[in-house]
Amino acid sequence: MSLLPYIAALGLPLGLAVLLTWAQARSLVWRVMPFAPLSALALALLGDMPMTAQAEWLILGLHLGLDDTSRLFVIFTGLLWCAAGATARHWMRDDPRATSFGVMFLMAQLGNLGLLMAQDALSFYAFFALMSFASYGLVLHSRTPQALGAARLYIGFVVLGELALFAGLALAGAQAGSFLLTDLRQTALSDISVALLMIGFCVKLGIMPLHFWLPPAHGAAPVPASAVLSGAMIKAGLFGMITILPLGSAAYADHGTVLMAAGMVTIFAALLLGVQQANPKAVLGFSSVSQMGILALGLGAGLMVPQAWAAIVPVLIFLAAHHALAKGALFLGTGAFAAQTGRVTRLVVTLALLFPALVLAGLPASSGGLGKEALKTALGAASPVWLPWLTVALSLSGVATTLLMARYIAMIWHNPPKAPANLAPEAVLLPFLLVSAASLALPAVWGTLAQTVAAPIRLAPSGALWPVLCGVVLAAGVAVFAHAQRIGAGVFLSQLTAPFRAFGARADAIVAAKRRAARRLGHSIPKALGETADQWRLGQTAIAGLIVLTLAVELRTTLPAETAIFPEQQQHPMPLQDLTLTPDF
Amino acid sequence: MSVEISPMILSVFVPLFGAIAAFVLPRAAALIGFATLVLTSGAVAWLARDVLAAGAVGLPLGGWGAPLGIDLRADGLSVAMLALTSVVGFLVSIAALDSLKGPEQARQRQYFWPLWLLLLTGMNGVYLSTDIFNLYVMIEVIALAAVGLTVLSGSRAALQAGLDYMYASIFGALLFLMGVGFVYLQLGRLDFAGLTGAAPTGALIAALALIFVGLALKTALFPLHFWLPAAHANATAPASALLSGLVVKAALYVVLRLAQYMPFPSENLLTLVGLMGAGAVIWGGVQALRAERLKLLVAWSTVAQIGLIFVAFARAGEVGLSESWKAAALLILAHGIAKAAMFLAAGRIKDEIGHDVIRDLDRTPIRPTLAQFTFALAAISLIGLPPSLGFIGKWSLMEGAMAAGYWHWVGVTMAGTLLSVAYFSRVFAGFLRFDRVRAPVGEHQGWALADAAPLTLALMAIGLGLLAAPVLSFIEIGYPFGVAP
Amino acid sequence: MTDPLVIFDLLLALAIVALAAASLSVRDLFSMIVLFIIFGLLSALAWVRLSAPDVALAEAAIGTGVTGALLLKTLHHLRFASGTLGQKAAYGVTPVAPVPMAVIMTNAVFCGLITLGLVVAFLGAPAAGPGFDPLVAEAMPQSGVEHPVTGVLLNFRSYDTLMEVVVLLAAVVAVWQIERGLSEAPAPAMGEVWQGFARLALPAIVVVGTYLLWVGAEAPGGAFQGGAVLAAVGLLLLLTRAYVPQPAHRGIARGAFVLGTAAFALVALLVASGGRVAFEYPLDHAKTLILLIEGMVTISIAVTLAALFHGREPVALAKGDRNDT
Amino acid sequence: MTPDLIYGLTGVAVFGIGLVGALSAQDRLRRVLALKLCSVGAGFLLVVGAWREPPAAPDPVPHALVITGIVVMVSATAVALALIRRLQTLEATDER
Amino acid sequence: MMDAPLLPLFILLTSLLAAPILFALPERAARLRTAINLGMAALKVALVGWLSIKVSQGVIYDLRFEMLPGLEFKLQADPLAILFIALSAVLWLITTIYSVGYLEHGPHRARFFGFFSLCVAATVGIALSGNLFTFLLFYELLTLATYPLVIHRGTAEALRAGRIYLIYTLAGGLVLLLGTLGLWVLAGTTDFVPGGVLADVVAENRLAAQLLFVVLIGALGVKAALVPFHRWLPIAMVAPAPVSALLHAVAVVKAGAFGIMRVVYEVFGIETAQTLGMTAPLAALAGVTIIYGSIRAITQDDIKKRLAYSTVSQVSYITLGVALASPIAAVGALAHLIHQGLMKITMFMAAGNLAEGLGVKRVSQMDGVGRAMPGTMLAFTLAALGMIGLPPLAGFVSKWYLAQGGLQADQVWVIALLLGSSLLNAIYFLPMLHRAWFRDAAPEGTGAPGRPRIGWMLAAPPVTTAVLVLVAGSFANAPFSPLEWTRFIVAIEYQE
């Protein structure tokens with residue numbers, strides 16, 4: 001198998017990054033920035049799986065390849081990078097540090113795509129590190145104190161993660177006797193190496209308590225960067241676990257337990273932390289943390305019960321895609337929202353944002369709902385002890401996400417993110433809408449896209465509405481409560497009853513006005529009528545009129561046509577003595 | 001030789017002799033008048049006993065018998081009217097004793113009694129008559145005496161009102177007389193029995209129209225009410241009570257009677273009557289709402305109430321006439337009693353506080369509480385709240401209308417009731433508001449004899465409602481309208 | 001029916017209608033009254049043509065004579081009271097806002113319609129309709145009088161007649177009640193000739209009146225006509241100031257007013273014995289009783305009519321008093 | 001063409017004329033007179049009703065009724081005129 | 001014990017005859033008036049006690065006389081009547097004591113107590129009415145007797161309130177007249193018969209029966225203060241405190257609610273009403289009223305106005321219970337008739353005491369009043385907690401049965417409604433309690449300078465009724481408790 005496709009796929013971002021350092025080519029590079037992952041995408045979409053290539057010659061031997069799993073990752077990651085690139089092109093147009101951003105962006109992209117294609121531990125580690133460190137630049141980009149702090153935190157965790165990963169990979173390689181990932185997967189790794197690997201990847205995933213870096217970083221990075229950070233890059237942690245850990249072959253009950261517990265804590269703790277955030281992107285960051293908790297549940301279950309892994313992994317992939325697209329859409333939407341200047345267009349964007357938000361929250365029949373249901377089903381095969389808890393946690397995670405999404409929607413209105421000064425409002429809309437549409441369409445296309453691993457999703461029930469509803473209701477309640485808190489209970493109550501009072505007052509006023517008018521009329525009309533009647537002596541006229549009327553009425557009724565007014569013969573009508581009148585004298 | 005005297009002739013002649021005596025002996029007029037009322041009431045009670053015992057009774061005066069002679073006849077309805085007249089008259093007389101006792105009213109006192117007793121003669125005559133020409137003469141007796149009572153105070157307003165009343169009265173009587181002429185022309189006789197079953201011809205239709213309009217004018221049925229408010233509002237209190245409570249009822253009674261004998265109050269004519277009544281209910285109510293003086297308000301309420309009586313009469317059309325008259329009769333009785341009470345109470349209020357401007361009723365520290373209470377009680381009956389007689393009348397009205405499907409009359413009645421609530425509550429508000437009074441509000445001063453008569457009347461108006469069933473069965477004695485109940 | 005009489009009837013009818021219309025439309029009130037008096041007299045004539053001499057007499061004496069005198073007196077009073085006495089100018093009593101012509105026209109149209117309706121009704125009525133005549137003819141022998149009209153008035157329908165006297169009584173009570181005070185126009189000056197005429201005429205009129213009363217039993221005439229003629233005596237006495245009512249006479253006057261009513265009613269009541277009802281005079285005494293009643297009623301009528309003409313109750317007043325309310 | 005027809009129509013006409021006057025006249029005296037005309041009209045009607053073809057005597061009852069009517073009318077007229085006089089006096093004294 | 005067939009009449013006469021005597025007494029004869037008042041009230045309680053024992057033994061009282069052909073004035077003492085009559089008798093006694101204290105030096109006492117007696121007579125008459133016609137008679141008498149009480153103060157505001165009251169209630173009465181007539185014409189009788197009298201009519205003339213239902217309920221709904229006819233009630237609270245207490249707890253609104261019961265149970269019959277499809281809309285209307293009244297109550301600062309809106313809400317529980325057409329809900333409704341009366345009268349008397357003793361008329365002035373008037377406020381607290389529905393107070397019992405009834409009738413929304421209403425009750429009552437007990441009085445002005453002097457006649461009645469609230473709730477299952485009596489009635493009405 002030729003290495004060429006891989007060179008094309010990975011060389012394109014690399015080449016562009018290099019070109020970007022050349023001033024003359026910059027504008028061209030920026031123009032094609034959205035298409036940087038295109039070759040990788042094409043490879044993933046068109047290539048026959050599995051396909052591998054190696055360049056033993058490069059460094060310690062570079063093994064690249066794609067299989068059914070990584071291919072899917074490439075697809076949604078690439079898509080997201082495309083959209084982010086398109087956004088970045090406009091976002092960075094007037095940025096003085098655009099070049100450095102572009103380079104870092106492309107490098108991170110290279111790392112991301114590369115690690116998905118890596119087939120050996122070292123290249124994997126390298127791409128992984130490339131991605132992580134390049135991202136540092138993205139996080140740092142704005143150079144604000146906030147960004148600096150976030151970056152500092154970020155880099156600290158990255159370092160920690162890289163160290164753990166490195167140690168883990170090293171140990172694993174030692175135990176497996178090979179650095180090929182396939183070998184690692186088949187080896188029963190020692191507990192410690194698995195633990196180290198888990199730490200490394202969990203830092204990337206942001207599983208608690210290793211999550212601290214994530215929200216600030218996602219909040220601080222520019223919109224296109226945070227979209228890929230949250231959508232694409234953190235999935236590298238998942239991908240790493242799936243490809244490196246010996247899941248499905250060996251049981252690591254303790255690890256699984258820890259991971260699952262952490263996941264569960266993460267789901268809800270992220271909620272608690274997230275709702276306190278004022279920066280909408282930070283809220284989204286916590287939402288990502290929370291969502292990764294869900295993934296952790298699946299991973300943990302897989303660690304605990306290897307038999308269940310086969311059922312779990314397709315779902316995890318789906319969930320990753322789902323989260324990547326939805327969260328990416330949300331981040332891009334945040335940018336799109338920030339780019340809007342008018343209230344109406346903001347409202348429209350908010351409405352559009354509701355779709356990915358609800359998808360994320362797990363609206364039935366959306367990717368969120370399906371994914372969660374599928375996960376539940378898959379987890380059914382795992383530990384029966386944990387199952388009810390998992391089910392509950394998954395369901396409640398819908399509530400949690402809904403709450404976070406509500407918080408997010410509230411916050412983009414309260415603290416609108418800043419957009420670059422001269423950004424055309426409509427420029428960044430297209431990527432956002434594209435990713436949103438992709439997110440919505442995911443359940444529909446997944447079948448054709450994923451083929452072999454799509455079955456659990458196809459079979460999953462559409463999911464329940466109540467978590468979302470609960471979340472909405474709770475959010476509304478909380479909003480009301482917060483509103484009340486802010487303005488004081490008394491004021492709030494009066495606000496609450498204001499419509500009633502207003503209605504009552506209005507009704508009263510209308511009635512009063514009507515009554516006044518009626519009274520005026522009621523006084524003036526009879527007065528005028530009465531006076532006129534007196535003055536014109538209409539009563540007299542009425543006498544005559546009434547006689548005429550009575551005559552007419554009586555003639556009309558008692559004299560039908562055949563009755564003669566001039567009877568020919570008039571009989572004396574009655575006998576003169578009438579006994580009925582004098583019944584008893 | 002023993003003189004055999006019928007109570008019927010007595011109930012006409014006793015007041016007549018009383019009037020003569022009161023006129024000849026002005027100093028003793030009050031005493032004579034009072035004694036006459038007692039005796040007349042006795043005669044009526046005697047007659048009522050006879051009627052209860054024997055059903056309708058008749059008396060062919062001169063022994064000739066109708067149609068040549070004139071018959072008197074008393075059935076339940078006539079005795080009920082006689083009783084109404086006696087009772088109300090008696091109580092108004094008591095009130096008059098008090099209200100005319102001042103030295104400055106010597107002249108009024110001197111003429112009040114003869115006129116009132118002549119009025120009584122006329123009314124009792126109407127209720128016993130069975131001859132339409134005799135009715136004409138009786139109506140004229142009533143008219144002259146009533147005009148005399150109207151102008152008793154001698155004020156210019158009263159005189160103007162009295163003159164207008166006089167014109168209307170004469171006019172109405174003349175229309176009636178012309179109608180009598182046509183009846184004679186067609187039938188050759190004038191007794192009620194002769195009217196029964198007569199075929200409708202042009203002459204009789206003309207007679208009907210003339211007589212009906214003449215009576216409508218006399219009873220002040222809208223739109224022929226123009227003379228009434230001023231006349232009743234400007235008369236002295238006892239006179240107002242008599243005029244409003246009793247006099248208009250005489251003409252109303254004749255309408256009822258003629259409807260009993262005249263062969264053709266057709267459906268359309270009844271509709272016309274009902275419409276006029278509805279007009280009266282509305283117009284009278286509206287005018288009462290904007291009346292500025294208490295007595296004027298009460299007078300307008302009379303217009304409305306008379307309208308209501310006619311609505312009751314027309315409530316179920318031609319077919320229902322044999323029942324509708326009872327509702328009308330009940331309302332006549334109710335209104336007679338209550339309105340007399342109300343006018344007397346209004347007079348008492350005016351006497352006590354010195355004016356009867358509704359707007360200023362709440363500015364006076366003097367509160368004739370008993371008179372006000374009486375006024376309120378009378379208003380309850382006039383509005384038609386249970387258990388008053390007015391309520392029973394209204395109940396009968398609406399029941400019949402409903403059963404016959406004449407919903408519009410139900411609507412009119414309800415509208416009239418609401419209007420009456422509205423205009424009477426204006427007065428109540430004046431009675432009960434205290435915050436605009438400058439001086440300390442006077443308390444109830446104890447019982448005043450002058451309040452006894454109106455209070456009794458008002459209590460009767462309320463309490464008779466509980467006795468409606470016997471009253472109803474009484475007026476059915478002799479089967480007016482020929483239908484056994 | 002001969003032609004000349006029909007023509008006479010037609011002419012008379014035309015004159016009556018024309019006079020009626022003229023009296024209402026003439027501007028001057030005095031002319032109005034004069035035209036009315038002529039109208040009344042012609043009507044009486046018409047009633048003679050309709051073989052109703054009693055009615056004609058009553059109409060002439062009371063309906064036209066007394067009414068005319070009352071109207072003239074009132075007109076005189078009005079002109080005096082409003083300070084226009086002696087002026088010839090037409091006088092409208094109350095200055096009221098004029099009624100629009102449209103309303104008057106409407107009235108006229110309505111009245112025309114009514115009249116039309118009444119004409120139709122009249123034409124439709126039986127020409128020689130049923131009546132009381134057979135009943136009267138049958139009952140006359142028991143009435144105690146020969147003249148049918150008197151029989152009806154004082155026997156068959158004497159209740160009506162009693163009430164009619166009561167109406168008269170009511171009128172005089174009402175008039176005394178209404179009119180008070182001294183503000184009366186001085187009587188129009190009467191020349192010597194009038195005074196002499198009055199002296200001569202009075203006995204004659206009294207005789208005529210009494211005669212009328214007396215013949216009432218057999219021929220046209222009777223209490224009302226006689227009373228009216230006798231009232232003329234009173235009018236003349238009052239007009240010529242031959243008699244000035246004194247407060248002291250009030251009692252007598254009241255007695256005279258009620259005399260007829262009281263006697264009538266008493267008789268009517270007292271005869272009700274021995275199976276008879278009120279107003280049923282015993283056959284043997286019928287004529288006497290009727291004559292008694294007639295006499296009393298005549299006196300009352302005469303005095304009452306005169307009093308109605310005079311108007312107010314005679315009262316004693318200190319000089320300068322204008323009113324005695 | 002008999003007298004009853006002629007005078008009957010006369011009566012109705014007089015009644016009608018009186019009616020117009022009673023409704024429309026604004027002068028108090030004239031209204032009284034108009035009413036009197038009406039009563040004469042009514043009298044005509046009754047007298048006409050009583051009339052019989054000459055050899056026969058007329059019905060006496062209507063005659064009696066008309067006489068009663070005349071007396072009643074003169075009473076009413078007297079009262080109305082007294083009212084008018086009294087009112088005029090009051091109005092005149094008020095004005096002065 | 002002797003049999004006295006005229007017993008209901010005597011009960012009616014104790015207050016009906018008292019009225020003219022009280023009117024006639026001169027203003028200064030205060031002792032005599034008090035003696036008559038209390039004597040009559042005590043006599044009535046005794047007679048009612050006797051009557052209820054007799055009725056529970058199955059004696060039937062039925063007095064009638066004919067007013068119009070076929071139309072009777074009819075008094076009957078059935079268990080339902082006893083329920084209402086006992087309430088009014090007991091509360092009359094208590095309120096009379098309270099009024100004597102309240103009006104000790106006020107003007108127009110003769111008038112006040114006269115109409116007060118008439119008002120109670122009318123209430124008793126309403127309870128004892130054996131047919132709709134008699135009911136109408138007393139219903140109108142009630143309107144007329146309460147009008148002078150509402151405007152007793154004679155101010156412009158009182159007059160205005162009185163006018164609105166009069167217009168609403170008289171219009172309602174007129175509509176009731178129409179309905180009664182309609183019933184008379186349709187059914188030929190107006191008698192109250194368990195199971196209704198209209199079953200036959202409904203079959204052939206469904207629309208007319210439906211119209212009749214709407215007319216009758218609309219007419220009665222005016223007095224029962226159902227939305228949208230409730231407007232008069234909060235306005236009428238300008239009346240003196242004892243009048244408000246009586247109006248809200250016993251007489252007027254209860255007369256309306258009681259009338260609705262009679263109409264639904266004994267004119268139409270619950271099955272017929274259901275067949276007509278009229279109970280569900282009625283229940284919905286009651287639900288709307290419950291919520292609406294509570295919401296409006298929240299923002300009222302005037303104590304009495306808040307209580308008035310609370311009444312709007314609470315009285316509709318009764319209507320709701322009737323309209324749910326389930327026996328258990330009916331038990332709740334009937335029990336609430338009593339319980340709400342006890343609770344609301346307590347609160348109004350307490351509010352009157354606050355106004356009298358401290359001059360406190362607004363919620364915002366209530367800071368620290370609990371310390372100033374502990375007895376009164378304790379009573380108020382008990383009643384308020386009862387209103388919210390805390391066990392073991394009376395309000396809990398009725399709400400519990402209503403909720404059970406809602407379940408029985410498969411109307412789960414009722415539960416939500418009751419919960420929501422309780423929540424709202426808490427929202428508007430608890431702040432009052434919080435202010436009264438947990439806040440310090442304002443240093444000057446609004447607060448109480450020291451312990452106020454109110455006589456025992458003012459202090460004792462609310463405490464008494466509050467104790468009754470506690471007892472009625474705690475001993476709900478004891479014999480002769482309102483609840484037990486209610487079960488007895490429901491067994492009759494549902495013909496079980």
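**Helix pair and chain contacts**

Guide: Start in chain B. The axes of helix α13 (residues 321-353) of chain B and helix α14 (residues 369-383) of chain B come within 8 Å and cross at roughly 155 degrees. Axes are lines fitted to C-alpha atoms, for helices over the stretch in contact, with angles from 0 to 180 degrees between N-to-C directions. Helices are DSSP runs of H or I, at least four residues, and strands are E runs of at least two, numbered from the N terminus.

Visitor: Hold on, what kind of model and numbering is this?

Guide: It is a predicted model: local features need pLDDT of at least 70, side-chain atom pairs count only at pLDDT 80 or more, and totals for chains, interfaces and linings use all residues. Residues are numbered from 1 along each chain as its sequence is written, and chains are lettered from A and ligands numbered from 1 in the order in which they are written.

Visitor: So how are α13(B) and α14(B) oriented to each other?

Guide: Roughly antiparallel, therefore; that label applies to angles over 145 degrees, while under 35 is roughly parallel, 65 to 115 roughly perpendicular and the rest oblique.

Visitor: Which residues of α13(B) and α14(B) meet?

Guide: On α13(B), B:A338, B:M342 and B:I349 are among them; on α14(B), they include B:F375 and B:L382. Contact means C-beta atoms, placed from the backbone, within 7 Å. The residues of this helix contact divide into 12 nonpolar, 3 polar and 3 charged. Ala, Val, Leu, Ile, Met, Phe, Trp, Tyr, Cys and Pro count as nonpolar, Asp, Glu, Lys and Arg as charged, and the others, Gly among them, as polar.

Visitor: Switching topic. Which chains share the most contacts?

Guide: Chains C and D, out of 8 pairs of chains in contact. Chain D puts in 65 residues and chain C 78. In chain D, α1 (3-24), α2 (28-50) and α3 (60-95) each supply at least two residues. α3(D) gives the most, with 25 residues.

Visitor: And what classes are on the chain D side?

Guide: The side of chain D that touches chain C has 41 nonpolar, 15 polar and 9 charged residues.

Visitor: What does chain E touch on chain A, and how many residues?

Guide: 4 residues of chain E contact 5 residues of chain A. Chain E's side there has 2 nonpolar, 1 polar and 1 charged residues. Chain E does not touch chain C; their nearest C-alpha atoms are 38 Å apart. No contact joins chain D and chain E either, with closest C-alpha atoms 41 Å apart.

Definitions and conventions. Contact = placed C-beta atoms within 7 Å.
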